[in-house]
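Please examine the sequence and the structure shown below. The report that follows describes selected local features and one interface.

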Protein chains: 2
Amino acid sequence: MSQKFESLSRIKNKGYHSLVMSAEEAVKKIPSGVNVGMSGFTGSGYPKEIPVALAARIREERAQNRPFKIGVWTGASTAPELDGALAEVDGIEMRLPYQSDPTCRKKINSGKMQYMDIHLSHVAQHAWFGFYGKLNIAVIEVAGIREDGSLIPAGSVGNNKTWIDQADQVIIEVNYALSEKLDGMHDIYYGTALPPHRKPIPIVEVADRIGQPYYHCPAEKIIAIVETHGTDRVNVFTEPDAASKKIAEHILNFLRDEVNKGVLPPNLLPIQSGVGNIANAVMAGLNEGDFDNLTSYTEVIQDGMLNMIKSGKLVKVSATSLSLSPAGLEELNKNIDFYRERIVLRTQEISNHPEVVRRLGVIAINGMVEADIYGNVNSTHVMGSDIINGIGGSGDFARNGFLCFFVRPSIAKGGDISGIVPMVSHVDHTEHDSQILVTEQGLADLRGLSPRQRAERIIEHCAHPDYRAELRSYFERACAENSGHTPHILSEALSWHDRFNKTGSMKITAAGAEQVAASKDSETN
Amino acid sequence: MSQKFESLSRIKNKGYHSLVMSAEEAVKKIPSGVNVGMSGFTGSGYPKEIPVALAARIREERAQNRPFKIGVWTGASTAPELDGALAEVDGIEMRLPYQSDPTCRKKINSGKMQYMDIHLSHVAQHAWFGFYGKLNIAVIEVAGIREDGSLIPAGSVGNNKTWIDQADQVIIEVNYALSEKLDGMHDIYYGTALPPHRKPIPIVEVADRIGQPYYHCPAEKIIAIVETHGTDRVNVFTEPDAASKKIAEHILNFLRDEVNKGVLPPNLLPIQSGVGNIANAVMAGLNEGDFDNLTSYTEVIQDGMLNMIKSGKLVKVSATSLSLSPAGLEELNKNIDFYRERIVLRTQEISNHPEVVRRLGVIAINGMVEADIYGNVNSTHVMGSDIINGIGGSGDFARNGFLCFFVRPSIAKGGDISGIVPMVSHVDHTEHDSQILVTEQGLADLRGLSPRQRAERIIEHCAHPDYRAELRSYFERACAENSGHTPHILSEALSWHDRFNKTGSMKITAAGAEQVAASKDSETN
């Protein structure tokens, strides 16, 4: 008990002290069948104690032959202690709006767990509209509770404001491992409303503050407070590989050209960048490059961006989550006053809002699973059926940004998968939304092009040489045999994926190669 | 000459009288190779004289062995006198952003004409950004020129403001067939800017006026003025057929339920409705129904909406085009003061703007070519390759609206085409954007559902009974054979379209039916 009383230091409102309990006690208040809105975005700011304790409870109930499942709504991806633990015990009926957990993925793809993959800017409003059903309980990690009962947000904001507003009951996790100096970095916008009562969102510059640093939560909603020292998911920062560096180089050269042509201002426009290796390579490239006074309006701040803030290249950043390596986190905490002036953490409906993304003219850079020769982009599925993670915010930024890049290496699995295919096996971004495709082979600027012109450019600039002839053969035969605005041979369009499923490679066999060669001959004769 | 001087009555700025000339003279000022931005949206407000005269000139040049092609940019679809005439003489190099002309369509699908199919809210900004190349000449129909040189817009606004701003030279067509009383109905917003200088668009109610009734055009840009009495494309209003009425009934019942559940206010939210038979049926249903004080934030005002304004059911409408039958036009002109108070015609970047569409919470109702069992929607292509018209504004409204319906009859071509297929042959709206599918068979509310749950509901509620068993067979076998979040059998996913291409019907043959039956047996055994 002494340890607990010591720890109450972050719960400044003493009226709340009686609500402090263990996670095991708290999860008794979560019945089967409810929808639970949890904090968490890109492995940051998720509850550390409740999901694990809940998984244990579900396992026990199951052992007693009592079925127990809940709906789990979050900001975006979380960590093994949340998604992994609950998926492992088959405790999730419906998961939304994004996940990246291996156990979750397996359950979803086997049909044991339902999953809705949603534009991240849509989630808060759709929950408020009631489109996902009733939200019963919110479980939110915070850095502290203030005297007036307002809550100091943790390392991510995500949908927390909406979960607290919409849920009947709220469980708080107060995390003592978080720096108390996060206080003041967040901007929680309480100006949203249901139509027809909505007003313009008054952001005109990346770091405009339009809300308050804290969540409001009516005291009567809080049913439990759990204390924790758990740390966020460890994100290891890996040095960019050769392909990523090459992709970054193509993007930087392109941006330089656009500045020279007067299309972009010298300090570019606010950059949005997906998570991962290529994103970090682009940031590293920008950090070493000749652009100054850069800004970013994005979802997630990774180490690459932190480095750019430190170097002074990046002057303002808006995001909804800090997803840092331990070294990055240490740097942040060490110089928190410096970073707090330059970073704004918002709710994800605002960090990704179409209105603001379009107004600011964001330069959107997102990864993809594959693109087809007409520029349709698959961001989510392997071979049409199996989901990897989800669309996340890529659609919010791609559709509404000033420029929209989709990037990936031209091949994968030692060359057995081509990143450019005749027809994508799943579409997340249509030809109407993709502008610029980039692989280590090159960059295809699709602006102002018809589908046939796009095909020529994508095959020439982005496809791996091992697949270029076959793509060209497909395109030429489709034009000759079927014609059309977007020529396809439907019996062959998905054959590359089908071949991979059957043979482990998209590469055509000797027999297939002969066929391609024969068809090419007949065209030239 | 006397006739011409008589007609100068609508050109109040006398300094412009010297620029008046015949269309034949005017088109001599349009060289080959330029991009021309023309007015016109849904057969309304397109130039009547210049395109025809230009087509004649192109034919002559061609006869002299001089190639002649231009880029043609518009608001949306025009008429045979524009798209038809120029396509007929192969005079268009690149067409954007939307067309619905049979000759154009044929040239595009045969690869003779390039075409870019663009979200209508994107066009003006992308042209301004320079993404489509330089705009050389604008050809704009107006209802008159005022003393100060400002231009009174015609029956549609479309991209005219941007074409005038961006073009080096402007040709004006003054149309004396238009009612002069249109003056004051338009709201041309001049508050747009290039990022990073953009501000919120200050519309908070459907009919808010935020601009001015006229286009500005610097006098020095105008190189020719042509007078015309040509009338807009005749749109015949057809009575809704049985399927359309049934679809409308499903939608109205659904909306009533949502009001009863408190999801929608009693007067709903602003309605957007695509063009055509089903749209008119929905409007007719609303006009006879029990909803009052309705509003609309849409692209096009058709007869159905005019009737609703007249009856008092519809109190305010925002659009970018009036697309009326002769009887509708007569009614409008007769009671123009009444309608001017209730109708605002905007630039299409504002009528379709994601920011405003989301803020107002638009109820989007759009037609589709086909949907698949997971809710992906094809709005543009027949059997994957051939384009029909284009995506138009459907994506602007579907992605950003409060509710999003996609509608079509469950079958076409006497039953040989199913509107619900295993996998769509082209994707314009992804599973992330479609919410409610409606056929005459029923309505599938997909909100809050995973892909597998969607499949069950779409097959059950929307598919025609003739295709239901085959769709279910596909879905069940895909789940069993491949599993996945979105189970597909890639070698079979597009086989319905392929079969239609080869046999003229999506229906499977006796042999195929046996195969389906056999696979179903093996599942139940």
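## Backbone features and contacts

P196(A) is placed in the loop between strand 8 (186-187) and strand 9 (222-228) of chain A; helices (H or I, at least four residues) and strands (E, at least two) are DSSP runs, numbered from the N terminus. This is a predicted model, in which local features need pLDDT of at least 70 and side-chain atom pairs count only at pLDDT 80 or more, while totals for chains, interfaces and linings use all residues. Residues are numbered from 1 along each chain as its sequence is written, chains are lettered from A in the order in which they are written, and side-chain values use heavy atoms, without hydrogens and water.

| Peptide bond | Omega |
|---|---|
| P195(A) to P196(A), cis | near 10° |
| L96(A) to P97(A), cis | near 0° |

P97(A) belongs to the loop between strand 3 (92-96) and helix 5 of chain A. In the loop between strand 22 (411-412) and strand 23 (417-418) of chain A lies K413(A). The phi angle of K413(A) is near 50°, a positive value in a residue other than glycine.

**The interface of chain A and chain B**

Contact (heavy atoms within 4.5 Å) involves 82 residues from chain A and 82 residues from chain B. The buried area, meaning the accessible area (1.4 Å probe) that two parts lose on being put together, summed over both, is about 6600 Å², and carbon and sulfur atoms give 53% of it. Two salt bridges cross this interface, where a salt bridge is a side-chain nitrogen of Lys or Arg within 4 Å of a carboxyl oxygen of Asp or Glu. R359(B) forms a salt bridge with E355(A), with the closest N and O atoms 3.1 Å apart. Several elements of chain A each supply at least two residues to the side that touches chain B, among them helix 14 (354-360) and helix 16 (451-461). Helix 14 of chain A gives the most, with five residues.

**Two helices of chain B**

Two packed helices are described by the angle between their axes and the distance between the axes. In chain B, the axes of helix 3 (residues 50-63) and helix 4 (residues 80-88) come within 8 Å and cross at roughly 5°. Helix 3 of chain B is therefore roughly parallel to helix 4 of chain B, a description used for angles under 35 degrees. Axes are lines fitted to C-alpha atoms, for helices over the stretch in contact, and angles run from 0 to 180 degrees between N-to-C directions. Residues making this contact include L54(B) and I58(B) of helix 3 and L82(B) and L86(B) of helix 4 of chain B.

Note on methods
Parallel < 35°, antiparallel > 145°, perpendicular 65-115°, else oblique.
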